[in-house]
Amino acid sequence: MSGLPLPPLPPIDGDATGRSMLDLLDEEHRQLDRLCTRAESSPAASEVLVATLARHLSAEEQYLYPAFEGVLPDAHDVVERELAADAELLVALRRLHTSADRTALHTVAEQVRSHTHRTTADVFPALRTHCTDDELVRLGNRVEIARSAAPTRPHPGTPSTPPLNKLVDPALGVMDKLRDALTRRTTWEEDL
């Protein structure tokens, strides 16, 4: 193991099962791009974009960036840049969530495209080089769990690094999901 911040798991026979964290996040980047386009003509797609992006950023902050720093100790500046960009994106996402205007949507769409480009160019290649397939699958399993428990609304100003974000995000996620159920808000693309 390469020193990734993974909690110990029970012994397994053979390889871990699931999908690689990088494959999951790459697929989600493509989904976010589609949702940015769909949101231009659909308020429901705009709500799904907000929820999907909030979950995505939460999962990346919990697992992608710590793994990146775990394999490249000199990656701190890149992670700090990404966390600052995520904070700006959450502020823009809150504007979109509360106002749903075209300017806010355009800002979010541009920031999503920039985010996708930076992470796939700067972070993903290093993890592909320094992590085993088994480690990436184990991280992928954690990302899936984190996404399912993550907030569905933007919460700028909350902790963006472990261990605090791993405690705060699921608690906010419970509150957000309750509000979503009460308001009948659509938060998954397949429900559009």
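Is R118 buried or exposed? With 16% relative accessibility, R118 counts as buried (under 20% relative accessible area; exposed is over 50%, partly exposed in between, using a 1.4 Å probe and protein chains only). This is a predicted model, where local features need pLDDT of at least 70 and side-chain atom pairs count only at pLDDT 80 or more, while totals for chains, interfaces and linings use all residues. Residues are numbered from 1 along each chain as its sequence is written, and side-chain values use heavy atoms, leaving out hydrogens and water.

**Salt bridges overall**
- You'll find 13 salt bridges here (a side-chain nitrogen of Lys or Arg within 4 Å of a carboxyl oxygen of Asp or Glu).

**Linking helices α3 and α4**
- R118 pairs up with E82 in a salt bridge, with the closest N and O atoms 2.6 Å apart.
- That pair ties together distant parts of the chain, 36 residues apart: R118 sits in helix α4 and E82 in helix α3 (helices are DSSP runs of H or I, at least four residues, numbered from the N terminus).
- E82 is buried too, at 0% relative accessible area.
- R81 and D122 also meet in a salt bridge, 2.7 Å from N to O.
- Here R81 belongs to helix α3 (residues 76-99) and D122 to helix α4 (residues 102-130), 41 residues apart.
- Both ends are partly exposed: R81 at 36% and D122 at 32%.

**Within helix α1**
- R30 and D26 form a salt bridge, their closest N and O atoms 2.8 Å apart.
- They're four residues apart in helix α1 (residues 21-39), so about one helical turn separates them.
- R30 is partly exposed at 47%, and D26 is partly exposed at 26%.

Note on methods
Helix = DSSP H or I, 4+ residues; strand = E, 2+ residues; numbered from the N terminus.
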